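The entries follow in the order in which I looked things up.

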Amino acid sequence: MSKKTMVNPRNAYGKALIELGKKHKNLVVLDADLSKSTKTIMFAKEYPNRFFEMGIAEANMISTAAGLASCGKIPFVSTFAVFATGRVYDQIRMDVAYSKANVKIFATHGGISVGKDGASHQMIEDLALMRVLPNMTVIAPSDATQTGQIVHLMAEKVGPMYARVGRADAPLIYHKDDLKDIKIGEGMIVKDGSDLSIISCGTMVEPTIEARSTLKKQGIKARIIDMHTIKPIDKKLVMKCAKETGAIITAEEHSIIGGLGAAVAEILADENISCKLIRMGIKDIFCESGDPATLLEKYELNEKHIVKNAKKLVKN
Amino acid sequence: MKNYDEKTINELELTAVKIRKHIIEMLYRAKSGHPGGSLSAVDAIVALYFAKMKHNPKKPDDPNRDRFILSKGHAAPALYSILAESGYFPVDELKKLREADCMLQGHPVCYCTPGVEASTGSLGHGLSFANGVALAGKLDNKKYHVYCMMGDGETGEGQVWEAAAVASHYKLDNITAMIDRNFLQIDGNTEDVLRLESVYRRWRSFGWHAIEINGHDIKQILTALDEAADHKNQPSMIILNTVKGKGVSFMENNVDFHGVPPNEMERNLAIKELTLLEKKLEAAL
């Protein structure tokens, strides 16, 4: 296996903010005492007067962002995914989603690969919480390159949006040229295949690509879909995969309830499409402290388990 | 400091009575809504829209306008009738409050009604929203002022104190917040439900310039608003000592009218009382 280039998506976010700050004079950034971790500090250093340190007061931060948006600003709001959603659900519901405010919530430290801080900091409900809100766009970019592109698209498209990345460095999947046509709301066919489709988002995309190589050696052809936008979900692509491959695995570093897997299952049910489906994710439990790789193995969210599930699905 | 003549005050008082009549009629027709906190909030909002704020009903999106954010969204009937009387939309619309396919939702929504700045109804958000508007104003060197009205019970919400700290930290002297201090919330007296005193000292200790006045005295309201707008380097808080249900004898200080509309008999009685007051003020003009 060739050595992977590891880049942290959080750094890609910080870099994209600086680029956007230059282009959009009305772009502002807010953080709640985590700018060193979320990397909004990169923007703060470049544009100190457009960066607002809001302290450990996330509820105020979200509503303040909505106030800024009402004056034509494009606020990017960052903190850890636990604090960016669950803690401030009501503020997002009223001031962002219901109000159709042009607020961009960009969360880091999503999922269980946050690791040793434990379940208090491992956000596995954010995609569900944000997906259930009308008017909200929900995104989970899969690598640093895609993160950068997505952040640009978020700034340019009007409306409430939520995006989340993980904490850890992530293997680079894409070159910038691969993402020339990327659009919010359109899934990407990363690799084609005819036996089953593996639809994933965020940190799970790379392991699915690895799994595909393993499966290929065993004669199973897997199609890999990077479904970076969980809402609005690319329904056409899900239906195409269901009809053409007849079997789908979804994989996300999130609860199996309410996230990507649920969105795919809803489409299959609503459209009355007969298709085998395995939803991989956290099985309705809080996890625990531990090394990320250990946790992903224990909670069955790595390449090995994707391969296992794929074989089970194709054999049946 | 600006001096307000008797005629100006008298006219504003008359407008306030007119607004109170609208509130009674709207809530009677809708058969739901919040009379108590709408009636107590009227005078300060009338003073803002008819004497203090720079605003143009024909240009509700003017980037230089002063903003008013009604954080206690359940007082929507007061805001709606003041916006209608200011010319933001036809007064006739008031008849449709809380009906389906109507621009007047039970609680304010920023894109449903011309002149409504923020969607409120879940308490404790408005001051944070005001912070955002004020920060944008500072960033763009705009001269506009941001006003925000909260209920007294509303300040039980933790978010209010996050917002208070942030406004003070950023020296947002382009914010004037107000508390409709009527001492009543749904479950009873504020001091029994969750003690708030000393409201004045709380805000002072958060670094705010605090002023305490009679919230039904138009002259005191205007003078306090001027003082607040002129005060530099600190946000200002005007504590409006008010009476819940103000202007209708049997609703005054009666918590049962927090969220219960008047029935036909109560409506007739209320309109009769307010009309008497209206005639008295008209005669004095």
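**Entry 1: A:Thr79**

I looked up A:Thr79 and found it buried, because 29 other C-beta atoms lie within 10 Å. The cut-offs I used are 20 or more other C-beta atoms within 10 Å of a residue's own for buried, 12 or fewer for exposed, and partly exposed in between, with C-beta atoms placed from the backbone. This is a predicted model: local features need pLDDT of at least 70, side-chain atom pairs count only at pLDDT 80 or more, and totals for chains, interfaces and linings use all residues. Residues are numbered from 1 along each chain as its sequence is written, and chains are lettered from A and ligands numbered from 1 in the order in which they are written.

A:Thr79 is found in strand S4 (residues 74–80) of chain A. Helices (H or I, at least four residues) and strands (E, at least two) are DSSP runs, numbered from the N terminus. I then listed what A:Thr79 touches, leaving out residues up to four places away in sequence: A:Asp31, A:Ala32, A:Leu34, A:Thr38, A:Glu58, A:Ala84 and A:Ala107. Contact here is C-beta to C-beta within 7 Å, with C-beta atoms placed from the backbone. From A:Thr79 to A:Asp31 I count 48 residues in sequence and 6.1 Å in space, C-alpha to C-alpha.

**Entry 2: confidence**

I noted an ipTM of 0.97 and a pTM of 0.97 from the predictor for the complex. Chain B has a mean pLDDT of 97, with 100% of its residues at 70 or more; pLDDT is the predictor's confidence in each residue, from 0 to 100.

**Entry 3: chain A overall**

Chain A holds 13 helices and 14 strands. Its radius of gyration is 19 Å, close to the 20 Å of the globule rule for 316 residues, so chain A is as compact as a globular protein of that length. The radius is taken over C-alpha atoms, and the rule is 2.2 Å times the number of residues to the power 0.38. Along the principal axes, the C-alpha atoms of chain A fill a box of roughly 60 × 40 × 40 Å. I find 59% of the 316 residues buried. Of the contacts in chain A between residues at least 6 apart in sequence, 80% join residues at least 24 apart.

**Entry 4: a sheet in chain A**

I traced an open sheet of 5 strands in chain A, in the order S9-S11-S10-S13-S14, with mixed pairing. Strands S9 (188–191) and S14 (276–282) of chain A are at the edges with a single partner strand each, so one side of each has no neighbour in the sheet. Pairing requires that DSSP finds at least two bridges between two strands. Neighbouring strands are turned by 25° against each other on average, direction ignored.

Within this sheet I looked at S10 (residues 196–200) and S11 (residues 222–226) of chain A, which run parallel and are joined by 5 bridges. A:Ile199 stands opposite A:Ile225 in S11(A). Helix H11 (residues 260–270) of chain A lies across S10, S13 (247–255) and S14 of chain A, at about 145° to S13(A). Axes are lines fitted to C-alpha atoms, for helices over the stretch in contact, and angles run from 0 to 180 degrees between N-to-C directions.

**Entry 5: chain B**

For chain B I count 9 helices and 7 strands. The C-alpha atoms of chain B fill a box of roughly 50 × 45 × 40 Å along the principal axes, and 53% of its 285 residues are buried.

An open sheet of chain B has 5 strands in the order S1-S2-S3-S7-S6, with parallel pairing. S1 and S6 (209–214) of chain B are the edge strands, each pairing on one side only. In S1 (residues 67–70) of chain B both faces are covered: B:Arg67 and B:Ile69 on one side, B:Phe68 and B:Leu70 on the other, are all buried. S1(B) runs parallel to S2 (residues 146–151) of chain B, with 4 bridges between them. B:Leu70 stands opposite B:Met149 in S2(B), and B:Ile69 stands opposite B:Cys148.

**Entry 6: the interface**

How many residues of chain A are in contact with chain B? I find 23, and they meet 20 residues of chain B. H4(A) gives the most to this side of chain A, with 9 residues.

Note on methods. Two residues are in contact if their C-beta atoms, placed from the backbone, lie within 7 Å.
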